[in-house]
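Please keep the sequence and the structure in view while reading.

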Amino acid sequence: MKKTFLLALTLVSFLGNAQKKKATATPVDTDKQTVISNIDKRFDEYAGISKKIWDFAELGYMEEKSSLLLQEQLKKEGFQVQAGIAGIPTAFVATYGEGKPVIGILGEYDALPGLAQKAVPEVSPIPNQKGGHGCGHNLFGTASVAAAVEVKNWLVKTGQKGTIKIYGCPAEEGGSGKVYMVREGYFNDVDVVLHWHPGAQNSADAGTSLANKNAKFRFRGIASHAAASPERGRSALDGVEAMDMMVNMMREHIPQDTRIHYVITKGGEAPNVVPAYAEVYYYARHKDREILQSVWKRIENAAQGAALGTGTKVEWEILGGVYNLLPNVTLATAMHNNLAKVGGVVYNEEEKKFAITLSETLGEQKQPIENAALVKDFRDGSESATSGGSTDVGDVSWTVPTVGLQTATWVPGSSAHSWQSTAASGMGIGQKGMIVAAKTLACTALDLFKDQALIDKAKEEWLQKRGANFKYEALLGDRKPALDYRK
């Protein structure tokens, strides 16, 4: 009897405590619910915008239609748009609100050369089209606009003080568009910057990236008949090939996590004419900017040596240079929490069929298509792990606390810069991932507007990681935007 009484007493106590926990649980944020619902209601509209930009497929610094389309959307929503900033015709900043805090959202819209692919799950190039959205920037810019619009609507509805800015950022793919915007001070008054990127999974880790420097090396020689009078010629192509050989031998003697890659963009016109002009386009990457600069100097030395050895002349033009991302665990945690609430991408039957067919082309990288619905656990890779890619968001992150995420806009297992990612970016799978990003960005912005302590904590971490003596100097120097780098 005594045991029964004690058991009953324990049960009553447990239930009472459970009810107390339930009563004191954090209430559902109705503001976020409203934002999420509003974005869902406008799915077709935003999907249509992203598809138009996908169809435009404009290369870096030539995104006239894409940039104008996003600007018009923002003007219609009441934003003040300043176009042609930082000496770039397709760059813009759109602003709504007043006072602090100032929250920025980045948007991109440039395509990649050589990836003109139809939105179908097998290789099907689009004839006579130069580029394609193999990095999903048609989705990137659209989602960022969608998020900014909903934050603006919330500011209007609540009377909350603060400013939302969206940055139209061209030529991320090698053109370093944001670097010029940073250099001209367009982020100086911003408290926090948000961004995202298309991908094959849903995550909001605190991770870094590789710093990058790139240039075109141009060799000039002397043309002559390659058979009748070769002794009179000095082959510019020999200069390029000699440089490439020296750089390739150099790979053995540089830090193993360095990345160097190149393409010969000009190599002559005919085999029987000694080429008087040749050009090679180089990228170098490393997570440490000082190591990158050291490696780059050796690449330049190889170019000079190649010219000397082949009797040619060489000059080079730095076209781009970006910092590594400076991760912020405080902001990444907040972003991850919102992504977890929003959830991943769920396919309908048509999208499942598309994903299954495309997945068969991925070989060893093939993953279960259901992974698109998962949100990966939070990972703090801020001190060690690094992405294999580079981004001009890196320069922004050293100027203002910055945080980003990626969402499953592509079939799980897909690689960026592939026909598979291009195809998915032009149809429902990509568009659903885009909407996940828009919701997460908007919800994270609301957290920042509501919680000054979150901003203060993020800034404290940012200042500590950046270092007291940090001074920003663009890796591409003081050159003007390379508006013709894709021409």
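## Basis of the model

This is a predicted model, in which local features need pLDDT of at least 70 and side-chain atom pairs count only at pLDDT 80 or more, while totals for chains, interfaces and linings use all residues. Residues are numbered from 1 along each chain as its sequence is written, and side-chain values use heavy atoms, with hydrogens and water left out.

The pLDDT is the predictor's confidence in each residue, from 0 to 100. Its mean over the chain is 93, and 93% of the residues reach 70 or more. Over residues 1-28, however, the pLDDT is below 50, and this stretch has one contact in the model beyond near neighbours in sequence; contact means heavy atoms within 4.5 Å. Where pLDDT is low, the predicted coordinates should not be read in detail.

## The six-stranded sheet

Helices (H or I, at least four residues) and strands (E, at least two) are DSSP runs, numbered from the N terminus. Two strands count as paired if DSSP finds at least two bridges between them. Six strands form an open sheet in the order E1-E2-E6-E3-E7-E12, with mixed pairing. Its edge strands are E1 and E12 (402-408), each of which pairs on one side only. From one strand to the next, the twist averages 20°.

E1 and E2 run antiparallel and are joined by four bridges; the bridge partner of Val-81 in E2 is Ala-94. Helix H13 packs on this sheet, touching E3 (102-108), E6, E7 (192-199) and E12, and its direction makes about 165° with that of E7. Such angles run from 0 to 180 degrees between N-to-C directions, with axes fitted as lines to C-alpha atoms, for helices over the stretch in contact.

## The four-stranded sheet

A second open sheet has four strands in the order E9-E10-E8-E11, with antiparallel pairing. The edge strands here are E9 and E11 (313-322), each pairing on one side only.

Strand E10 (residues 277-286) is largely enclosed by the rest of the structure, because nine of its 10 residues are buried; buried means under 20% relative accessible area, exposed over 50%, and partly exposed in between (1.4 Å probe, protein chains only). E10 is joined to E8 (residues 211-220) by 10 bridges and to E9 (residues 259-266) by seven. Nine bridges join E8 to E11, where Arg-218 stands opposite Glu-315. Helix H7 (residues 236-250) packs on the sheet, touching E8, E9 and E10, and its direction makes about 20° with that of E10.

## Helix H4

H4 (residues 64-76) has 13 residues and reaches 18 Å from its first C-alpha to its last, close to the 18 Å expected at 1.5 Å a residue; the expected span is 1.5 Å times one less than the number of residues. Its buried residues include Ser-66, Leu-70 and Leu-74. Among the elements that cover the buried residues of H4 are helix H3 (43-56), strand E1 (80-83) and helix H5 (137-158). Gly-78, with a positive phi near 100°, follows H4.

## The nonpolar cores

A nonpolar core is a set of buried Ala, Val, Leu, Ile, Met, Phe, Trp, Tyr and Cys residues joined through side-chain atoms within 4.5 Å. The largest has 70 residues, of which Ile-103, Ile-164, Leu-194 and Trp-196 touch the most other members. Helix H13 (residues 428-450) gives the most to this core, with 12 residues. A second, separate core of 60 residues includes Val-240, Ile-260, Val-396 and Ala-482.
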